[in-house]
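Let's take a friendly walk through a protein structure, looking at charged pairs, surface patches and a residue from the inside. Keep the picture in view as you read.

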Amino acid sequence: MGDFPVNPLVMVGIGSSFAFSSLFYHLYQEKKKELVKLKEIPVFKPDRHLVQVLKSSQQKRLRYVAVEGLVQADGEPLASQFVPRSFGVIQKISVEETWKYWNSLTRTWNSRTMNKKETNNSVPFSLVSPGAYINDYFVKVQNPLQASGDFLERVYFKVRRAEEGLVDVVVQGLSGEKPVAMEEREELLRVGSTLTGFGEVVLEGGKTMRLQAPQDGRKFILIPSDHKSFMDRHESAASMWKTLSAVTGITGATILVKVLYDLVGKQDDRSK
């Protein structure tokens, strides 16, 4: 009676295994629900079929659909400032400096980011059907900067280290601040890249289609891939949570069975 028959760390391990199994199973169920909703969203390409569906729909409007196509600038595309012969329709350039300042209380140099500058440029663009020789049908993307989704590709990144001279060292010692580095990065939504947009599609003038933010409050999303790859990633995530739930649950159950087996064995030895 004096000694606890089971190592407390073992009990913690069993409890943690079942807790993680329960958490992973909850995440799996949530991802399954999300997948069911995603599979209910109709998928289209910018082609004659989409025009016909819009013409037959109420108010020539589809409330929430996915449209997959290739990015095409409606006019002159944006040229990359750092990468030759690279063009896009949305461009983000950011520059930020990292400085160190002297903390007299802790007597250490601490880092901070300052002088951050960000420039955003965009030109009107449309989605066209992959493989089409003549782009008679296209879907204009309305206000893409309002959309969520990590649809920009980083095409340039460079860190420029600060060079210190004798005069700089003296000035830094007096001011208690010194530059460390400057980061430059450029992101583009490239012309010709595959993009899938989730939102509302309307038909104007019998042929012009426009993808825009839904009026019913659902999310306007742009995904930098085709629809199948997007769904495959969600399927993989669901499978991962399901596997983790099973592995941690089996691990906890296996340890628990072994502990109970050892306890029964000890009780038998004492009775003998």
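## Charged pairs and their surroundings

Arg 218 counts as partly exposed because its relative accessibility is 44%. Keep in mind that this is a predicted model. The partner of Arg 218 is Asp 216: their side chains meet in a salt bridge, 2.8 Å from N to O. Asp 216 is partly exposed too, with a relative accessible area of 45%.

Why can such pairs form? Side chains of opposite charge can pair when their charged atoms come close. A search of the whole structure finds 15 salt bridges. Here are three of them.

| Salt bridge | N to O distance |
|---|---|
| Arg 218 and Asp 216 | 2.8 Å |
| Glu 187 and Lys 92 | 3.4 Å |
| Glu 96 and Lys 116 | 3.7 Å |

Let's take Glu 187 and Lys 92, which form a salt bridge with 3.4 Å between N and O. Glu 187 sits in strand 9 (residues 177–190) and Lys 92 in strand 4 (residues 87–103), so this pair ties together parts that are 95 residues apart in sequence.

Next comes the salt bridge between Glu 96 and Lys 116, whose closest N and O atoms are 3.7 Å apart. This pair links distant parts of the chain, with Glu 96 in strand 4 and Lys 116 in strand 5 (residues 108–122), 20 residues apart. Glu 96 counts as buried because its relative accessibility is 13%, whereas Lys 116, at 54%, counts as exposed.

Salt bridges can also join up: Arg 61, Arg 63 and Glu 200 are linked in a network of them.

## Patches on the surface

Which residues form a positive surface patch? They are Arg 48, Lys 55, Lys 60 and Lys 207. Lys 207 is found in the loop between strand 10 (194–204) and strand 11 (208–212), and its 43% relative accessibility makes it partly exposed.

There is a nonpolar surface patch as well, made by Phe 18, Leu 256 and Leu 260 and covering about 240 Å². Leu 256 belongs to helix 4 (residues 227–271) and, at 31% relative accessibility, counts as partly exposed.

## A look inside

Finally, find Leu 195 in strand 10. With a relative accessible area of 0%, Leu 195 is buried. Its contacts beyond four places away in sequence include Val 67, Phe 125, Phe 151 and Leu 222. Leu 195 and His 227 are 32 residues apart in sequence, and their C-alpha atoms are 8.5 Å apart in space.

Definitions and conventions:
Residues are numbered from 1 along each chain as its sequence is written. This is a predicted model: local features need pLDDT of at least 70, side-chain atom pairs count only at pLDDT 80 or more; totals for chains, interfaces and linings use all residues. Side-chain values use heavy atoms; hydrogens and water are left out. Patches are made of residues with over 30% relative accessible area and no salt bridge: like charges are joined within 9 Å, nonpolar side chains (Val, Leu, Ile, Met, Phe, Trp, Tyr) within 5 Å. Accessible areas come from the Shrake-Rupley method with a 1.4 Å probe; for residues, only the protein chains shown count as cover. A salt bridge is a side-chain nitrogen of Lys or Arg within 4 Å of a carboxyl oxygen of Asp or Glu. Lys and Arg count as positive and Asp and Glu as negative; His and the chain ends are not counted. The place of a charge is taken as NZ of Lys, CZ of Arg, CG of Asp or CD of Glu. Helices (H or I, at least four residues) and strands (E, at least two) are DSSP runs, numbered from the N terminus. Buried means under 20% relative accessible area, exposed over 50%, partly exposed in between (1.4 Å probe, protein chains only). Contact means heavy atoms within 4.5 Å.
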